[in-house]
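Please have the model open beside you.

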Amino acid sequence: MLKVLIVEDDIFDYTHLKNIIDWNQEGFQISEQIKNVEAAKEKLFEQSFDILITDMKMPGQSGADLIQFVSDNFPELKTIALSGYKEFDYVKQSLKAGAEDYILKHELRQDNLRQVLAKIKKEINKRDQKEDSNIFEESFFMDQKEILVQNFVEKLIRGHFNNKNELKRQIQLLSLNFELKNIVITVGQFDNYKVLQEKYSESKLMNLKRSFINMVDEILRENGKSFAVLKDEKKFLFLFSFKDNSELKINNSIASALNRIKTALKNYLNITASFAVGNILKDPLKIGENYREILELLGDRFYQGKDMIIYQNQNNRVDNQQFNLDIKTEKALQKYIDQKDYSSLKLELESIFNKIYRIKPGLSVVKMTFISLINIVNSKIKDKNLKKEKIFKNTGNPYQKLEEFNTLKEFKIWIEEIYNNLIIELKNKNNYSDIINKTLLYMNKNYDKDITLSRAASEIGVSYSYLSRKFKEECGQGFSDYLNQLRIENAKQLIEVGDSNIKEIVNQVGFNNYNYFFKVFKDSEGMTPSEYERKSQK
């Protein structure tokens with residue numbers, strides 16, 4: 001739909017022009033009446049239009065003045081002059097200023113108006129197609145080069161090239177701003193990438209990353225022969241090369257470039273990133289080996305924090321030391337939880353994190369430690385019959401939550417909060433009678449078996465009717481409803497861990513019938529087990 005601005009001070013002439021054809025059916029959308037040139041100028045700055053139809057003689061400035069203004073400021077806008085007998089001099093001026101056509105008011109008919117509009121519409125469509133074609137060709141070329149450069153870099157870091165001549169030939173073919181001398185690899189990663197994914201659509205995020213690479217290339221041009229490329233979803237790679245052999249000058253140049261990039265990221269894209277910088281390489285055939293070292297070095301951002309620059313020659317990781325959450329430490333955590341002693345519990349957690357920070361073990365080892373700390377909490381929730389959402393504060397799958405943490409500090413803050421919530425809930429736990437506590441303990445230990453109220457009563461040594469009445473009084477719901485909810489909570493945990501399929505989980509938590517499990521799960525959670533599985537894996 002092409003947008004038409006009509007500038008006409010006479011209401012009768014405007015109404016006639018408005019009603020002479022069905023503008024929408026012809027593919028046009030017309031504006032409300034604009035009565036003078038000043039108002040038209042304001043409208044043009046407020047909105048975009050494709051066609052201007054203007055009267056020639058109006059109070060103040062003339063239509064010819066408006067067409068001249070459009071020619072100077074909006075050259076893409078097509079204009080049509082509308083005039084009477086005595087204003088033909090204005091028409092001549094308008095044609096000289098760039099008007100596409102003119103229509104005399106006394107000759108204004110459906111056929112000649114349609115003819116003029118059809119001609120202009122055809123010109124606009126032709127222009128737009130040409131522009132789209134040019135944009136497509138340019139975009140296609142840029143996209144192809146980007147893919148070729150990424151493929152080249154992938155081969156480079158995998159050690160695909162066996163001699164410098166082949167490497168040099170590829171660099172020349174791709175017209176890369178790079179030399180095979182004094183090479184420094186820098187690998188970076190966007191901080192809080194999950195936040196970016198939640199904030200932007202996939203296409204918007206890709207455009208954001210491409211804008212970042214273009215911005216980096218501009219900065220790198222001033223720092224030797226260097227270029228940048230996106231490595232994967234979160235990471236990017238800078239390859240620096242320098243003619244100057246001075247190590248001091250090279251290091252200063254890289255530090256200057258990276259600090260400028262960090263500042264630009266914050267100021268223009270409102271994000272931060274962390275960088276790992278390698279040593280100076282004299283042999284380009286060692287790029288692949290060095291890249292793997294730098295990739296491992298980037299893992300230290302987990303210990304050093306976000307928005308950091310980590311240098312290979314300053315790496316202080318303690319090698320040849322192992323770390324694990326030993327039985328003694330686990331027992332200490334269990335003891336302080338049972339004693340509801342958060343002060344001692346926090347000191348024990350501090351000791352664990354200080355040891356992790358000092359040794360800086362591999363991230364896979366750290367992740368297993370984190371899982372163990374979460375398992376302790378889940379075990380207490382199960383044993384003490386606590387509500388999981390009150391401990392984890394509805395943060396979703398706690399195991400999936402691990403993927404969101406960028407630094408050791410972030411996880412430390414989170415796990416301390418979880419353990420604090422656990423202690424609070426234990427302190428606030430309702431005081432059940434001895435009979436109900438025994439019943440709940442029996443249910444927690446045997447929920448995966450075929451248990452009934454009758455069997456529970458027999459196990460505890462009371463009558464069926466007495467236990468049924470006491471259970472409902474103290475727990476606020478019947479034995480069967482409570483057992484179903486207990487089984488569903490355990491099923492949710494197993495789904496979140498992801499080691500078993502749903503049909504296996506049905507039997508593992510004590511349900512004998514999948515259809516019944518499906519119904520109880522949906523009634524409880526408001527979604528099917530499969531929907532919950534998909535949600536927990538996001």
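About 50 Å³ of space lies in the largest cavity, and a search of the whole structure finds 1 cavity of 30 Å³ or more. On a 1 Å grid over the protein atoms alone, a cavity is a set of points where a 1.4 Å probe fits but cannot get out, a pocket is an open set with protein on both sides within 12 Å along at least five of seven lines, and lining residues have an atom within 4 Å of a point. Volumes are the space filled by probe spheres set on the points, with grid points joined across faces, edges and corners.

This is a predicted model, where local features need pLDDT of at least 70 and side-chain atom pairs pLDDT 80 or more, while totals for chains, interfaces and linings use all residues. Residues are numbered from 1 along each chain as its sequence is written, and side-chain values use heavy atoms, leaving out hydrogens and water.

Among the residues lining the largest cavity are F161, P284 and K286. The largest pocket has a volume of about 1,300 Å³. Of its 43 lining residues, Q400, K401, L402, E403 and E404 lie nearest the centre. Helix α8 gives the largest share of that lining, 5 residues.

An automatic or database assignment sets the domain bounds: domain 1 (2-129), domain 2 (140-314), domain 3 (327-429) and domain 4 (434-537). The C-alpha centres of domain 2 and domain 4 lie 53 Å apart.

Finally, the axes of helices α20 (453-460) and α21 (464-475) come within 9 Å and cross at roughly 105°, so the two are roughly perpendicular (65 to 115 degrees). In their contact (heavy atoms within 4.5 Å), L453, S454, A456 and A457 of α20 meet Y464, L467 and S468 of α21.

Methods:
Axes fitted to C-alpha atoms, helices over the stretch in contact; angles between N-to-C directions. Helix = DSSP H or I, 4+ residues; strand = E, 2+ residues; numbered from the N terminus. Parallel < 35°, antiparallel > 145°, perpendicular 65-115°, else oblique.
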